[in-house]
Amino acid sequence: MFTLNVTDPAQTQTIGETLARYVRGGDLIMLTGDLGTGKTTLTQGLGRGLGVTGRVASPTFIIARVHPNPSGPDLVHVDAYRITDLDDLETLDLDTALDESVIVVEWGEGKTETLSTNRLEIILSAPAESSALTSMDEADDGRRTITVSAIGPRWEDVDLEAALESALGGEEHL
């Protein structure tokens with residue numbers, strides 16, 4: 001597990017774009033964070049890096065979107081917020097898509113871990129002082145803490161920390 005600090009949404013997208021160099025069909029990425037912390041922003045960068053077609057947008061109201069990729073694995077973007085149990089999850093048939101696609105699940109913590117023993121769990125959070133805003137002058141400035149956990153043997157030989165640090169420009173982001 002490692003943590004990165006980003007200063008704006010563009011850097012959050014850079015993390016997603018960099019992850020695209022390392023993911024492949026069969027990979028599961030679970031994104032956890034409060035509303036507005038950048039889960040979809042990171043997924044947009046991932047989609048751009050993968051070369052998927054179409055606009056990557058939040059799947060909140062449709063639960064799952066498939067973004068085709070003419071030159072690699074499709075991106076399946078899922079919002080599991082409204083999923084309450086394994087039966088709901090099974091109706092999405094994600095285990096079938098997982099074999100060939102990169103699956104990103106927002107709000108999947110405690111719901112989608114059983115899909116794969118090999119996964120990336122990414123937690124996005126705003127700095128603590130952001131939750132104590134007292135005026136619009138202190139509105140969200142895009143700073144985030146992003147914690148990445150690479151789980152399973154699939155990730156043992158991948159140095160994501162070095163890759164993401166390099167993409168962000170160095171150690172000041174750790």
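Biologist: Which backbone nitrogen does a side-chain oxygen of Asp8 reach at the start of α1?

Modeller: The model is a predicted one. At the start of helix α1, the Asp8 side chain places an oxygen within 3.1 Å of a backbone nitrogen. A pair of N or O atoms counts as a polar contact within 3.5 Å. The nitrogen in question belongs to Ala10.

Biologist: Which residues of α1 are buried, and against which elements do the buried residues pack?

Modeller: Buried here means a relative accessible area under 20%. In α1 this applies to Gln11, Thr12, Gln13, Ile15, Gly16, Thr18 and Leu19. The buried residues of α1 pack against β1 (2-6), α2, β6 (119-125), β7 (144-151) and α5 (160-168).

Biologist: How do the axes of α1 and α2 lie relative to each other, and what is the handedness of the crossing?

Modeller: The axes of α1 (residues 9-19) and α2 (residues 39-50) come within 6 Å and cross at roughly 45°. The two helices are therefore oblique to each other. As for handedness, the crossing of α1 past α2 is right-handed.

Biologist: Is Asp27 buried or exposed?

Modeller: Asp27 lies in the loop between α1 and β2 (28-32). Its relative accessible area is 3%. The limit for burial is under 20%, so Asp27 is classed as buried.

Biologist: How many helices and strands does the chain have, and what percentage of its residues is buried?

Modeller: The elements run β-α-β-α-β-β-α-α-β-β-β-α from the N terminus on. This secondary structure comes to five helices and seven strands. Of the 174 residues in the chain, the buried share is 43%.

Biologist: What percentage of the contacts with a separation of 6 or more comes from residues 24 or more positions apart?

Modeller: A contact requires heavy atoms within 4.5 Å. Among the contacts in the chain with a separation of 6 or more, the share from residues 24 or more positions apart is 69%.

Terms used: Residues are numbered from 1 along each chain as its sequence is written. This is a predicted model: local features need pLDDT of at least 70, side-chain atom pairs count only at pLDDT 80 or more; totals for chains, interfaces and linings use all residues. Side-chain values use heavy atoms; hydrogens and water are left out. Axes are lines fitted to C-alpha atoms, for helices over the stretch in contact, and angles run from 0 to 180 degrees between N-to-C directions. Helices (H or I, at least four residues) and strands (E, at least two) are DSSP runs, numbered from the N terminus. Angles under 35 degrees count as roughly parallel, over 145 as roughly antiparallel, 65 to 115 as roughly perpendicular and the rest as oblique. A crossing is left-handed if the near helix is turned anticlockwise from the far one by less than a right angle, and right-handed if clockwise. Buried means under 20% relative accessible area, exposed over 50%, partly exposed in between (1.4 Å probe, protein chains only). A polar contact is a pair of N or O atoms within 3.5 Å; within protein, one must be able to donate a hydrogen and the other to accept it, and residues adjacent in sequence count only if both atoms are side-chain atoms.
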